[in-house]
Amino acid sequence: MGNADKKVFELVGIADRYFDTDFDENGVLKSINCKNDENFNFAYDVIDVMAKKCPDKLAMLYVSKAGRERRFTFRDMAKYSNMAANYFSYLGISKGDKVMLILKRHFQFWFSLLALHKIGAIAIPAADLLTKKDFEYRFKVGEVDAVVCTADGDVSREVDKAARGNAKLKTKIMVGGARESWHCFNKDIRFFSANFSKPHELPGGEDPMLMFFTSGTTSYPKIAMHCYKYPLGHYVTAKYWHQVDPNGVHFAISDTGWAKAMWGKIYGQWLCEAPIFIYDFDEFDAKDILTKIEKYKITTFCAPPTVYRVMVHLKLENYDLSSLQNVTTAGEALNPKVFDKFKEKTGFDIMEGFGQTETTMLIGNIKGMTPRPGSMGKPNPLYEIAVMLPDGTLAEPGEEGEIVVKTADGIPDGLFRGYHNDQEKTDSVWYDGYYHTGDTAFADEDGYLWYVGRVDDVIKSAGYRVGPFEIENEIMKLPYVLECAVTSVPDRIRGQAIKATIVLADGKEGDEHMKNDIVKYLKNNIASYKWPKIVDFAKELPKTISGKVRRVEIKRNDWSEEKEEVPTVTTEETQREPEEANE
């Protein structure tokens with residue numbers, strides 16, 4: 001396994017205490033029930049248990065951006081999280097305090113997160129790309145008491161600017177450097193004991209544990225609150241979707257400021273007793289990532305579709321990927337063409353999954369299933385998932401509707417407990433016994449779910465409802481297209497018209513000839529009411545830190561009051577109208 005752990009360890013069997021499972025005749029997970037979760041605390045009940053029963057087992061293989069390697073066992077994770085818990089307690093951080101972690105992919109993130117779980121303080125992961133304005137909002141509405149921040153870049157200065165006049169934010173801790181008015185994590189933690197006395201009121205169960213700021217694509221970010229049962233919701237994520245190997249190494253491409261890091265970099269993996277690989281890079285480079293998979297004999301790999309869209313344009317045969325056992329994707333819908341290209345080049349099916357900041361994996365292609373290119377998979381047995389029509393009835397196969405989670409009979413472990421200090425927003429998505437995701441899909445006759453788009457992304461043109469993903473999938477079949485986004489633009493006749501924003505592979509620039517070729521191709525391959533009326537080329541698409549395309553940003557520019565309405569038709573090839581409108 002290269003520099004990874006070569007020793008084979010027997011399973012401790014931690015998961016057996018918390019889950020009862022049942023499988024169908026094909027060996028696919030059919031049902032799973034959580035148990036013994038009333039006072040569950042991941043730091044004590046998983047990490048400390050592993051540290052006692054299997055102290056020398058590799059927990060994390062860390063590689064810095066400069067290439068320095070560090071190996072941390074489960075004994076190390078228990079030790080350093082105890083030291084961090086004592087350090088934080090000394091600085092006055094206590095149960096219920098809210099602590100923002102802005103730590104990129106530094107290994108100190110894991111020490112800090114586990115320490116906060118042990119203390120009972122609430123962790124708030126955040127990205128290092130945030131600015132003064134972002135922090136001002138988050139400090140205020142999140143009621144932040146302390147910040148643990150990387151020394152890299154200017155982010156600590158942005159924190160300082162935002163902290164001025166904020167009386168509640170009293171503690172600032174820096175990792176990897178030192179500045180005036182900041183405590184120095186790396187220096188100070190050495191003076192604290194590796195033994196931590198558990199609090200008298202032990203945090204766990206329904207106590208608040210994590211707060212995530214949502215993407216905020218249509219309004220200011222909401223704050224999804226998760227309790228201590230949340231990590232249990234990631235067992236299916238790791239065991240049956242990622243299919244982690246307890247004696248392998250799992251590598252997930254995600255920044256710790258994004259909720260996806262909790263999917264692939266800690267909870268489910270360590271519940272399954274599997275090591276994680278952390279590469280603390282600044283700039284994504286697909287060739288560099290492939291080299292790391294080869295060098296460190298990565299066994300399971302997860303990345304957003306953006307990563308695979310780049311990889312399929314590389315000579316993958318130049319890399320030894322023989323250690324890989326399973327590859328997965330989530331963050332946005334995966335285009336079937338990318339699925340097909342990756343399988344053609346590597347032999348691997350990309351096992352797609354779907355979920356939100358408010359959830360764990362809701363839908364996925366799990367162990368034993370045969371994925372269908374373009375499908376998200378089937379509902380996670382941990383949740384009761386349905387597709388709901390606008391009138392509140394459940395959809396039949398083939399009918400598009402909103403993905404909902406039934407909660408009338410109880411809240412499953414992994415689902416958020418509401419938006420912090422915002423009952424109105426909570427009630428707007430959680431009512432009549434269901435959590436409403438805001439994402440639309442349809443199910444086929446076999447129960448596979450197919451993504452359509454966000455409720456707000458659905459385009460209503462000339463009486464038709466058009467999902468952007470279907471058109472994007474067709475455009476992605478063109479060999480010179482790297483990625484694309486389909487959005488609506490104002491139209492004086494239709495109400496809305498369709499626009500395709502396209503990024504070409506290899507940094508190429510589009511011209512009118514290529515635009516006409518694209519339009520002609522779409523005319524021959526999709527229904528006329530789905531034809532884009534505008535085709536634009538861009539060097540890149542706006543994205544969130546997780547790599548998800550921000551269609552809302554493209555739409556906001558096109559729908560701004562300063563913009564003139566677009567012409568009804570911009571190319572000769574799109575002049576034929578649908579013969580009849582869809583009711």
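Me: What is meant by a nonpolar core here?

Reply: A nonpolar core is a set of buried Ala, Val, Leu, Ile, Met, Phe, Trp, Tyr and Cys residues joined through side-chain atoms within 4.5 Å. In this predicted model, the largest such core has 108 residues. The residues with the most contacts inside it are F42, M60, M77, F88, M262 and W270.

Me: Which residues is M60 in contact with, leaving aside its neighbours within four places in sequence?

Reply: M60 is in contact with R70, R71, F72, M77, F107, W110, W270, I276 and I278. A second, separate core has 53 residues, including Y279, I502, L504 and W531.

Me: Why are α1 and α3 called oblique to each other?

Reply: Helix α1 (residues 42-53) and helix α3 (residues 108-119) pack at about 125°. Roughly perpendicular covers 65 to 115 degrees and roughly antiparallel means over 145, so an angle between those ranges falls under oblique. The pair α1 and α3 is therefore oblique. Their axes are 8 Å apart.

Me: What makes up the contact of α1 with α3?

Reply: From α1 come F42, A43, Y44, I47 and D48, which meet L114, H117 and K118 of α3. By class, the residues of this contact are 5 nonpolar, 1 polar and 2 charged.

Me: Why is S81 called buried?

Reply: Buried means under 20% relative accessible area. S81 has 0%, so it is buried. The residue lies in helix α2 (residues 74-90). Not counting residues up to four places away in sequence, S81 touches F111, L114, A115 and K118.

Me: How do you know that C227 is in no disulfide?

Reply: A disulfide needs two cysteine sulfur atoms within 2.5 Å. For C227, the nearest cysteine sulfur is that of C34, 11 Å away. C272 is in no disulfide either, with the sulfur of C34 again the nearest, at 13 Å. The structure holds 0 disulfides.

Me: Are C227 and C272 buried or exposed?

Reply: The cut-off for buried is under 20%. C227 is at 3% relative accessibility, so it counts as buried. C272, at 8%, therefore counts as buried too.

Me: Why is helix α5 described as largely enclosed by the rest of the structure?

Reply: Of the 9 residues of α5 (residues 155-163), 7 are buried, so the helix is largely enclosed. The buried residues are V155, S156, E158, V159, D160, A162 and A163.

Me: What covers the buried residues of α5?

Reply: The cover includes β5 (98-102), α4 (132-141), β7 (146-150) and β8 (171-175). After α5 comes G165, with a positive phi near 85°.

Technical notes. Residues numbered from 1 in each chain as written. Predicted model: local features only at pLDDT ≥ 70, side-chain atom pairs only at ≥ 80, totals over all residues. Heavy atoms only, no water. Buried < 20%, exposed > 50% of the residue type's maximum accessible area, 1.4 Å probe, protein only. Contact = heavy atoms within 4.5 Å. Axes fitted to C-alpha atoms, helices over the stretch in contact; angles between N-to-C directions. Helix = DSSP H or I, 4+ residues; strand = E, 2+ residues; numbered from the N terminus. Parallel < 35°, antiparallel > 145°, perpendicular 65-115°, else oblique. Nonpolar A, V, L, I, M, F, W, Y, C, P; charged D, E, K, R; others polar.
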